[in-house]
Amino acid sequence: MTKIQVLPNAELCPEGAEFEAEPGETIIAAAMRHHIAIEHACEMSCACTTCHVIIREGFDSLAAAEDKEEDLLDKAWGLEPTSRLSCQAKVTDTPLVIEIPKYTINLEKERH
């Protein structure tokens with residue numbers, strides 16, 4: 001199991017969170033399993049940017065983003081060099097620290 005630390009996010013986890021994920025599991029799947037409802041308007045099919053996260057620690061352990069993900073990330077709010085779509089980034093055995101941006105490009109939040 002791999003430790004994932006989520007930095008505090010006022011809406012989704014005000015106190016932050018820490019949990020374990022299976023290597024090979026996507027960041028969003030692990031987060032949702034631990035009741036952190038990262039938005040995912042396209043149902044995790046790599047067709048939007050609402051599940052954008054910033055990897056604060058452990059970025060280099062992730063497989064490189066594919067072209068489709070890179071193209072979508074260009075549209076994400078608050079893009080940083082260590083940004084990823086959490087529906088595409090798969091956990092390895094290296095611990096991660098992630099930040100969920102305050103905003104997405106959606107004007108209205110999806111409620112799942």
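These are my notebook entries on one protein chain, looked up in a predicted model.

**Entry 1: layout**

I started with the secondary structure. I find two helices and five strands in the protein chain. Reading from the N terminus, I get the order β-β-α-β-α-β-β. The radius of gyration is 13 Å, close to the 13 Å that the globule rule gives for 112 residues, so I note the chain as being as compact as a globular protein of that length.

**Entry 2: contacts and burial**

Next I looked at how the chain packs on itself. I took the contacts between residues at least 6 apart in sequence, and 65% of them join residues at least 24 apart. Of the 112 residues, 42% are buried.

**Entry 3: the core**

Which residues have the most contacts inside the largest nonpolar core? I wrote down Ile4, Val6, Ile38, Leu96 and Ile98, in a core of 25 residues. Then I checked which elements give two or more residues to this core, and my list reads β1 (2-6), β2 (17-21), α1, β3, α2 (67-73) and β5 (96-99). The top contributor is α1, which gives four residues.

Leaving out residues up to four places away in sequence, I have Val6 touching Cys13, Gly16, Ala17, Phe19, Ile36, Ile98 and Ile100.

I went through the phi values next. Glu43 is not a glycine, yet I read a positive phi of about 60° there. Met44 is not a glycine either, and its phi is positive too, at about 65°. Where does Glu43 sit? I place Glu43 in the loop between α1 (27-33) and β3 (52-57), and Met44 is in the loop between α1 and β3 as well. I also looked up the exposure of Met44: its relative accessible area is 34%, so I log Met44 as partly exposed.

**Entry 4: surface and charge**

Conventions: Residues numbered from 1 in each chain as written. Predicted model: local features only at pLDDT ≥ 70, side-chain atom pairs only at ≥ 80, totals over all residues. Heavy atoms only, no water. Rg over C-alpha atoms; globule rule 2.2 N^0.38 Å. Buried < 20%, exposed > 50% of the residue type's maximum accessible area, 1.4 Å probe, protein only. Contact = heavy atoms within 4.5 Å. Core = buried A, V, L, I, M, F, W, Y, C linked by side-chain atoms within 4.5 Å.
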